[in-house]
Amino acid sequence: MEADLIVTYLTPGHGVRKAYAKSARKVKSRFGASLEPLTHARITLMGKEDAELPRLTQSDIIQPHQGLREGLSCFALASEMAELTMGLLPPGKPAQGVFDLFLEMLGQMERDCTELGALLYKIRLLALKGYAPRLSGCGRCDSKAARFFASQGAVLCDRCSGGMDRRGTIEVSPGSLRLYESLSTWELDKTARIKPSEALLAEVRGLLDAHLEFILARPLRSRAFTSKTV
Ligand SMILES: [Zn+2]
């Protein structure tokens, strides 16, 4: 039915789950505004525990995150965070850590919607899921190295990368390494103090995009969108 909707949720207990919301698009839908994108809601699903498409029977808003939907560029950044999360999580597995991080960062982005915030989220998500790129110390011999090979997910020294194709590899500057490490490790409530230059931000973003494209084996759809609107 055209009025029905398939909604994708990030849940702490079951990771990414889809649900079928009957008549959700009708004006008098009982779900009201609770199905707006990026809404934090308490939901009830009907169907077997492992049902592929359980039916949504109840949905109550906990936090609407209205602010994230008001500006096009902010919505694009938050959508990119959501898309990457769905791309990296195996279906049906508990995801408490990712859920907590995502919720915390949506709140932070609603207060101050910055590209840096979205970047921080992606960096920490990768680390949580075991996909963090290796940016210091050659990925093979641990000696000094600064050239990032997306195909290896790591920087490699000249000796270990001898004979390898260097097209598309990225030189990791000391500044971008420091920025990456700050974004990975600082307490979240202190990260507002990180104020990188545009150039440095672009460097780290480029590095992360190259890494992600290789991991996901496709360009992120909303990245192209964000590049145009931000
Ligand atoms: Zn090496």
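Does H211 count as buried or exposed, and at what relative accessibility? I took this question to the model, which is predicted.

**Entry 1: H211**

I located H211 in helix α6, which spans residues 198-216. I found a relative accessibility of 5% for H211, and this residue therefore counts as buried, the cut-off being under 20%. I then listed the contacts of H211, leaving aside residues up to four places away in sequence. H211 touches L126, Y131, A132, P133, F148, A150 and G153.

**Entry 2: helices α2 and α4**

L126, one of the residues touched by H211, also belongs to the α4 side of the contact with α2. I therefore looked up how α2 (residues 72-88) and α4 (residues 115-128) pack, and noted an angle of about 10°, which makes the two helices roughly parallel to each other. Their axes are 9 Å apart. From α2, I recorded L77, E80, M81, L84, T85 and L88 in this contact. They meet E115, A118, Y121, K122, L125 and L126 of α4. I sorted the residues of this contact into eight nonpolar, one polar and three charged.

**Entry 3: M164**

Where does M164 lie? I placed M164 in the loop between β6 (154-156) and β7 (170-171). With residues up to four places away in sequence not counted, M164 touches R140, F149, Q152 and L156. For the pair M164 and F149, I noted a separation of 15 residues in sequence and a C-alpha to C-alpha distance of 9.5 Å.

Conventions: Residues are numbered from 1 along each chain as its sequence is written. This is a predicted model: local features need pLDDT of at least 70, side-chain atom pairs count only at pLDDT 80 or more; totals for chains, interfaces and linings use all residues. Side-chain values use heavy atoms; hydrogens and water are left out. Axes are lines fitted to C-alpha atoms, for helices over the stretch in contact, and angles run from 0 to 180 degrees between N-to-C directions. Helices (H or I, at least four residues) and strands (E, at least two) are DSSP runs, numbered from the N terminus. Angles under 35 degrees count as roughly parallel, over 145 as roughly antiparallel, 65 to 115 as roughly perpendicular and the rest as oblique. Contact means heavy atoms within 4.5 Å. Ala, Val, Leu, Ile, Met, Phe, Trp, Tyr, Cys and Pro count as nonpolar, Asp, Glu, Lys and Arg as charged, and the others, Gly among them, as polar. Buried means under 20% relative accessible area, exposed over 50%, partly exposed in between (1.4 Å probe, protein chains only).
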